[in-house]
Amino acid sequence: MPVIWITNTLWGKASKAIQRLASLRPPDESDYRHKDVRTTMSTARTAADTTPRSIQELFDLTGETAVVTGAGSGLGKAIAEILALAGAQVGLIDVNQDRLATVGAGIEANGGKTFSLTADVSDSTSIASAIEDIKDHFGGLNIVFANAGISRGPGFQEAEGTLTGTRREDWNAVVDVNLNGVFNTLGVASGAIADGGRIIVTASTAGLRADPMVGYAYVATKAAVLNIVRQAALELAPRNIRINAIAPGPFRTNIAGEGALDAPELNSMWAQTIPLGRMAHPEELKGLALLLASNASSFMTGGAYAIDGGALALSHAH
Ligand SMILES: NC(=O)c1ccc[n+]([C@@H]2O[C@H](COP(=O)([O-])OP(=O)(O)OC[C@H]3O[C@@H](n4cnc5c(N)ncnc54)[C@H](O)[C@@H]3O)[C@@H](O)[C@H]2O)c1
């Protein structure tokens, strides 16, 4: 009897949970807000229509427009390069005009199409007008990488990275760029992007677990954006807009200052935390970035994908 009671109770709870989840989804096709979305969705359900005829077609971005924030350096530069190589026209956004010019010139020299604008993601007006200008310039918007970010200071092993020593101005600066900046970018992107578009947020392994190498504001903001991604995935699914996060481990970029992460001592310190025994080069992010930006990830949304040389596997082992 108690077994039956437990079974019935559990089943009752489970079926209510399933009903609640189902209510997040359109119960029938008439509930789709846009007629063209209905078409996209039913097309997506026909396997024969979506089967790519070649590897090229699976990852092809020809004719699509992408925006990358923080495109002037490091991971953003690598992301912009691979999107252009896959055929997209790429809007490059950064606070640093000189870096943008260099990255833009490099992509154009390889036959890519770019349009560069300086803007600050932490300023909602600035990022809104940059994204709208890029959309106007290329005549549409399909892919947005909310990638710009800063780290500002060490982890708790140094005085200014502790609970008491973290300076309020550093905390605010990181929250402004890494959290408010992502939220600002997603707000504009979700309004401007076409149905069927893809949005990718650069989080960090530091958002998935504690990380003594970086500060409180960094771990807090990177964790926060992961849940924004999950929430936005639900909101945007009816328009078949997919949003995912990437969670890089240590990459040799300029985030700790120009060239700082190339220093051998710092490299070997980080390397000790990584099963593959080294830091990554930004080039190594290109495969994951293209996967999430292309049709190759057509059933992936709301996820967080680590690219970390095994660092998270190591932390789960303890
Ligand atoms: N490098 C790593 O090890 C690592 C690991 C995990 C996550 N990340 C994340 O990757 C993203 C890119 O960082 P990166 O490592 O390439 O650093 P980076 O410093 O090399 O590049 C970041 C770029 O963003 C720009 N930027 C900074 N603030 C901005 C703002 N307010 N508006 C617009 N642009 C701005 C900078 O000018 C710079 O060109 C960040 O979100 C970072 O937190 C980096």
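**Figure 1. The largest nonpolar core of the predicted model has 72 residues.** A nonpolar core is a set of buried Ala, Val, Leu, Ile, Met, Phe, Trp, Tyr and Cys residues joined through C-beta atoms within 7 Å. A residue is buried if 20 or more other C-beta atoms lie within 10 Å of its own, exposed if 12 or fewer, and partly exposed in between, with C-beta atoms placed from the backbone. Val68, Ile79, Ala80 and Leu83 touch the most other members of this core. Beyond its neighbours within four places in sequence, Leu83 is in contact (C-beta atoms, placed from the backbone, within 7 Å) with Leu61, Ala66, Ala88, Val90, Ile143 and Ala293. In soluble globular proteins, nonpolar side chains tend to be buried together. Residues are numbered from 1 along each chain as its sequence is written. Because the model is predicted, local features need pLDDT of at least 70 and side-chain atom pairs count only at pLDDT 80 or more, while totals for chains, interfaces and linings use all residues.

**Figure 2. Helix 6 covers residues 97-109.** Helices (H or I, at least four residues) and strands (E, at least two) are DSSP runs, numbered from the N terminus. Arg99, Leu100, Val103, Gly104 and Ile107 of helix 6 are buried. Seen down the axis, the buried residues of helix 6 fall within an arc of 125 degrees (taken over the directions from the helix axis to the C-beta atoms), so they line one face of the helix. The face turned away from that buried side holds the exposed residues Gln97, Asp98, Ala105, Glu108 and Ala109. Helix 5, strand 2 (89-94) and strand 3 (113-118) are among the elements covering the buried residues of helix 6. After helix 6 comes Gly111, with a positive phi near 95 degrees.

**Figure 3. The ligand is surrounded by 28 residues.** A residue is near a molecule if its C-beta atom, placed from the backbone, lies within 6 Å of it. Gly70, Ser73, Gly74, Gly149 and Thr253 are the closest. Helix 5 (74-85) and helix 8 (168-192) each supply at least two residues of the shell, and helix 5 gives the most, with 3 residues.

**Figure 4. Arg230 lies in helix 9 (residues 216-236).** Arg230 counts as partly exposed because it has 16 C-beta neighbours inside 10 Å. Arg230 and Gly303 are 73 residues apart in sequence, and their C-alpha atoms are 7.0 Å apart in space.

How values were computed
Contact = placed C-beta atoms within 7 Å. Expected span 1.5 Å × (residues − 1).
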